[in-house]
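Biologist: I am new to this structure and would like to be taken through it. Could we look at it together?

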Amino acid sequence: MAKYFDVHPENPQRRTVGQVVDIVRSDGLIAYPTDSCFALGVQLGNRDGLDRIKSIRRLDDRHHFTLVCRDFAQLGQFVHVGNAVFRAVKASTPGGYTFILPATKEVPRRLLHPKKKTVGVRIPDHVVTQALLAELGEPLLSSTLLLPDHEEPLTQGWEIKEELDHVVDAVIDSGDCGTEPTTVIDFSEDEPVIVRRGAGDPSRFE
């Protein structure tokens, strides 16, 4: 049964955030709010957690998982960012974008796209997510909480608790969050490719 944490949206309770991070560090799987929509998250090295996310969302090996990072410095440890891409990504973060970029050796191989050796990265503009990332001290390995039989992501904490009570370890509720997944931009080639249109304005990459 999932633990339910009610977190203040503007002043997250430090003790509660610490309890959530303890669950993540104990190989737990959490459902948490972001500036785009709810996401499923586990610690970077949590192989079982990765399999659980794949099972919940029925994902195959070609799915790009996302490293949700606290800031640009942390993002730069996990992906290669050239000068032109640096400017574009920097200007768009924090915010509702996910960028697909070539991964560094810091990223476990099982997280990489099998052919491209890429991974998704993003920096959210959400107080609670940022508090979790600050306490954790590393990125959260994440995927949008979009269930296979749903057309839209779940957006209410209580609804997620009901739906996923026996398959996640914690649900973090801080009131309304976004309802759209991130806009996904693939920077693995010379020119940016818009893979998915969502919360972030895609026009700057067209």
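Biologist: Which strands each supply at least two residues of the lining of the largest pocket?

Modeller: This is a predicted model. In it, strand 4 (66-68), strand 5 (97-102), strand 7 (140-144), strand 9 (183-186) and strand 10 (193-196) each contribute at least two lining residues to the largest pocket.

Biologist: And which element gives the largest share of that lining?

Modeller: Strand 7 does, with three residues.

Biologist: What is the volume of the largest pocket, and which residues are the closest to its centre?

Modeller: The volume of the largest pocket is about 360 Å³. There are 23 lining residues, and the closest to the centre are His64, Thr66, Thr144, Val184 and Arg196.

Biologist: How does that lining divide by class?

Modeller: The lining of the largest pocket consists of eight nonpolar, 10 polar and five charged residues.

Biologist: Let us turn to cavities. How many of 30 Å³ or more are there?

Modeller: The count is one cavity of 30 Å³ or more. The volume of the largest cavity is about 30 Å³.

Biologist: Which residues line the largest cavity?

Modeller: Its lining is made up of Val20, Val21, Val24, Ile30, Leu132, Leu136 and Leu140. By class, that gives seven nonpolar residues, with no polar and no charged ones.

Biologist: How do helix 1 and helix 5 sit relative to each other, then?

Modeller: The axes of helix 1 (residues 14-25) and helix 5 (residues 127-136) come within 9 Å, and they cross at roughly 60 degrees. The two helices are therefore oblique to each other.

Biologist: Is that crossing left-handed or right-handed?

Modeller: Helix 1 and helix 5 cross in a right-handed manner.

Biologist: Which residues meet there?

Modeller: From helix 1, the residues are Arg14, Val17, Gly18, Val20, Val21, Val24 and Arg25, and they meet Ala131, Leu132, Glu135 and Leu136 of helix 5. The residues of this contact comprise seven nonpolar, one polar and three charged.

Biologist: A change of topic: what about the backbone? Where is Asp27, and what is its phi?

Modeller: Asp27 lies in the loop between helix 1 and strand 2 (30-32). Its phi is near 65 degrees, which is a positive value in a residue other than glycine.

Biologist: And which residues does a cis peptide bond join?

Modeller: Thr93 and Pro94 are joined by a cis peptide bond, with omega at about -5 degrees.

Biologist: Where is Pro94 found?

Modeller: Pro94 belongs to the loop between helix 4 (83-91) and strand 5.

Note on methods
Residues are numbered from 1 along each chain as its sequence is written. This is a predicted model: local features need pLDDT of at least 70, side-chain atom pairs count only at pLDDT 80 or more; totals for chains, interfaces and linings use all residues. Side-chain values use heavy atoms; hydrogens and water are left out. Axes are lines fitted to C-alpha atoms, for helices over the stretch in contact, and angles run from 0 to 180 degrees between N-to-C directions. Helices (H or I, at least four residues) and strands (E, at least two) are DSSP runs, numbered from the N terminus. Angles under 35 degrees count as roughly parallel, over 145 as roughly antiparallel, 65 to 115 as roughly perpendicular and the rest as oblique. A crossing is left-handed if the near helix is turned anticlockwise from the far one by less than a right angle, and right-handed if clockwise. Contact means heavy atoms within 4.5 Å. Ala, Val, Leu, Ile, Met, Phe, Trp, Tyr, Cys and Pro count as nonpolar, Asp, Glu, Lys and Arg as charged, and the others, Gly among them, as polar. On a 1 Å grid over the protein atoms alone, a cavity is a set of points where a 1.4 Å probe fits but cannot get out, and a pocket is an open set with protein on both sides within 12 Å along at least five of seven lines; lining residues have an atom within 4 Å of a point. Grid points are joined across faces, edges and corners, and a volume is the space filled by probe spheres set on the points.
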